[in-house]
Amino acid sequence: MLKDEIIKGLNETSKYLLSHHSCEEYYKCLKLEYGKKTYYFCSRCLGIYIGLIANCLYYIYISKTSLPYSMIFLLPAFALIDWTITAFGFNKSSNSLRILSGFLLGIAYFNGVLVFLRDFPDYNVAAIGVFYALFALILLYLKERKRKHTIL
């Protein structure tokens with residue numbers, strides 16, 4: 001039955017609702033036990049959400065200014081460096097460091113979107129986004145290539 005298949009699919013994918021990590025990577029998550037269920041929250045994503053919300057509240061209630069381009073460019077670097085160090089096996093990061101780097105990334109996201117939409121189209125912010133997207137794609141490619149070579 002279609003209904004049974006949908007329920008089965010939702011049950012199987014619901015564990016990725018709060019964390020996109022596989023079970024082997026749950027060390028990158030915060031664990032919350034509620035009742036008989038265990039929930040995992042991705043540390044960096046949690047930091048991003050906190051950064052977005054905090055910066056949104058700051059913008060609404062304290063200051064209507066945005067960060068300069070240099071900060072919008074620099075803040076995501078902390079998350080990218082932290083991810084790279086862990087992904088390539090140089091060192092294991094900690095959840096507190098992942099939350100902090102995610103927080104900075106959330107601030108950069110908020111300000112980048114704010115500036116991009118306010119001055120639409122803002123080509124400086126678009127260039128920053130393209131730079132990080134390309135850099136991340138290259139790193140993902142290299143990580144996958146490394147993984148394939150270690151399997152062989």
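Modeller: Helices (H or I, at least four residues) and strands (E, at least two) are DSSP runs, numbered from the N terminus. The model is predicted: local features need pLDDT of at least 70, side-chain atom pairs count only at pLDDT 80 or more, and totals for chains, interfaces and linings use all residues. Residues are numbered from 1 along each chain as its sequence is written, and side-chain values use heavy atoms, with hydrogens and water left out.

Biologist: In what order do the elements of the chain run from the N terminus on?

Modeller: The secondary structure of the chain consists of five helices and two strands. Starting at the N terminus, the order of these elements is α-β-β-α-α-α-α.

Biologist: What percentage of the 152 residues in the chain is buried?

Modeller: A residue is called buried under 20% relative accessible area, exposed over 50%, and partly exposed in between (1.4 Å probe, protein chains only). The C-alpha trace of the chain spans about 50 × 40 × 35 Å along its principal axes. Of the 152 residues in the chain, the buried share is 30%.

Biologist: What share of the accessible surface of the chain belongs to carbon and sulfur atoms?

Modeller: Accessible areas come from the Shrake-Rupley method with a 1.4 Å probe, and for residues only the protein chains shown count as cover. The accessible surface of the chain is about 10,700 Å², and the part belonging to carbon and sulfur atoms is 70%.

Biologist: How many residues of α1 are buried?

Modeller: Helix α1 covers residues 2-13 and reaches 16 Å from its first C-alpha to its last, close to the 16 Å expected at 1.5 Å a residue. The expected span of a helix is 1.5 Å times one less than its number of residues. Helix α1 is hardly covered, and among its twelve residues the count of buried ones is zero.

Biologist: Which elements do the buried residues of α2 pack against?

Modeller: Helix α2 has 19 residues and reaches 27 Å from its first C-alpha to its last, close to the 27 Å expected at 1.5 Å a residue. Its buried residues are S43, R44, C45, G47, I48, G51, N55 and Y59. In contacts (heavy atoms within 4.5 Å), the buried residues of α2 pack against β1 (29-34), β2 (37-42), α3 (69-87) and α4.

Biologist: Is S43 buried or exposed?

Modeller: S43 lies in helix α2, and it touches K28, C29, L30, N95, R98 and I99, not counting residues up to four places away in sequence. Because the relative accessibility of S43 is 0%, this residue counts as buried.

Biologist: Which backbone oxygen does the side chain of S43 reach?

Modeller: A polar contact is a pair of N or O atoms within 3.5 Å; within protein, one must be able to donate a hydrogen and the other to accept it, and residues adjacent in sequence count only if both atoms are side-chain atoms. At 2.9 Å, the side chain of S43 reaches the backbone oxygen of K28.

Biologist: Which side chain is joined to that of R44 by a polar contact of 2.3 Å?

Modeller: R44 lies in helix α2 (residues 43-61) and counts as buried because its relative accessible area is 14%. Not counting residues up to four places away in sequence, R44 touches A79, D82, W83, R98, S101 and G102. A polar contact of 3.2 Å joins the side chains of R44 and S101. The polar contact of 2.3 Å joins the side chain of R44 to that of D82.

Biologist: What is the relative accessibility of S101?

Modeller: S101 is found in helix α4. Leaving aside its neighbours within four places in sequence, S101 is in contact with R44, F78, A79 and D82. S101 counts as buried because its relative accessibility is 4%.

Biologist: How far are the C-alpha atoms of C29 and L46 separated?

Modeller: C29 has its place in strand β1 and is buried, with a relative accessible area of 6%. Its contacts, leaving aside neighbours within four places in sequence, are S19, H21, Y40, F41, C42, S43 and N95. C29 and L46 are 17 residues apart along the chain, and the separation of their C-alpha atoms is 9.2 Å.

Biologist: Is the peptide bond from F120 to P121 cis or trans?

Modeller: P121 is placed in the loop between α4 (95-118) and α5 (123-151). Most peptide bonds are trans. With omega near -15 degrees, the peptide bond from F120 to P121 is cis.
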